[in-house]
Amino acid sequence: MLTAVITHLRCPVCREPFVQAERALQCARGHSFDIARQGYADLTAGRPVHTGDTAEMVAAREALLTAGHFAALSTAVAEVVAAEQPGLVLEVGAGTAHYLAAALGDGQDGLAVDTSKAALKRAARAHERIGAVRADIWQGLPLADHTAAVVLDVFAPRSGAEFARVLAPGGALVVATPAAGHLAELVAALGLISVDPAKDERLHKSLDRWFVRTHRRRIHDTLRLTRADAEALVGMGPSAWHTDRDAIATALDGWRGPITATLDVDLTVWRPYI
């Protein structure tokens, strides 16, 4: 794991800094956490509330993102991050770290945090300047206070208190959330989970105590999908937990014409109260 990333980490048991031993992170009080052979460190120090995406979901996500279907969102995230001060870019709920890798500028380091081991195996290798850590945001992030120049949250859980704690002075929280029309065609045809009409209200409720929203940008694009792409899109998101794969396959068999779906995402920037 990158030394430059390790300096930002803290022991989840005692909050002491780490040094890297052979294939482990160790603090001065003797707590030790193994670094997996794939390159990520497990700093959960207990059972996470949620174990994250399955290997199948992660594979589906990587296939779809690598094919470039969400490129409009990746580009927009990178543009927003590039406008911020240099320093550590932290992505919470990073998955395969696709967006984090796209956002890193010259000389910047990134830290991908997720609870899914399957995702972290890929995140640790997504970019030469990315470190990957298994941690549960609801149990507290194993990071020093005020250490990240940018906190990135793309379709991921949010803890306003933890984001505010780890964000450096002058830093920015960048959040991507699905808007009303996101994947509307697939939602209607395949019976997928739809976007909560109160999504924006819930976003503000989760962050307004610590942050003020300073920028909002709507990302809108048309996705042109193969059948495999459409199945991957279903399989990588929350609907994967609630749909029958055979029923989805049958519905796609009956799809007439090209498969298209709308990418509709709100990208917002938030600043902590001074």
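Residues are numbered from 1 along each chain as its sequence is written, and side-chain values use heavy atoms, with hydrogens and water left out. Because the model is predicted, local features need pLDDT of at least 70 and side-chain atom pairs count only at pLDDT 80 or more, while totals for chains, interfaces and linings use all residues.

We can begin with the sheet, which is open and is formed by eight strands in the order S4-S7-S6-S5-S8-S9-S11-S10, with mixed pairing. Strands here (E, at least two residues) and helices (H or I, at least four) are DSSP runs numbered from the N terminus, and two strands pair if DSSP finds at least two bridges between them. The edges are strand S4 (40-42) and strand S10 (211-225), each of which pairs on one side only, and from one strand to the next the twist averages 20°. Within this sheet, strand S9 (residues 167-178) pairs with strand S11 (residues 259-272) in the antiparallel sense over six bridges, and alanine 176 stands opposite leucine 267 in S11.

Helix H3 (residues 71-82) lies across S5, S8, S9, S10 and S11, running at about 15° to S11; axes are lines fitted to C-alpha atoms, for helices over the stretch in contact, and angles run from 0 to 180 degrees between N-to-C directions.

Elsewhere, helix H2 (residues 55-66) packs with helix H9 (residues 227-236) at an angle of about 130°, their axes lying 8 Å apart. That angle makes H2 oblique to H9, a term for what remains once angles under 35 degrees are called roughly parallel, over 145 roughly antiparallel and 65 to 115 roughly perpendicular. In contact, meaning heavy atoms within 4.5 Å, Met57, Ala60, Arg61 and Leu64 in H2 meet Asp229, Ala232, Leu233, Gly235 and Met236 in H9.

Two loop residues deserve a separate look. Alanine 97, in the loop between strand S5 (89-92) and helix H4 (98-103), has a positive phi of about 70° although it is not a glycine. Histidine 146, in the loop between strand S7 (130-134) and strand S8 (148-154), is also not a glycine and has a positive phi of about 55°. Alanine 97 is buried at a relative accessible area of 0%, whereas histidine 146 is partly exposed at 49%; buried means under 20% relative accessible area, exposed over 50%, and partly exposed in between (1.4 Å probe, protein chains only).
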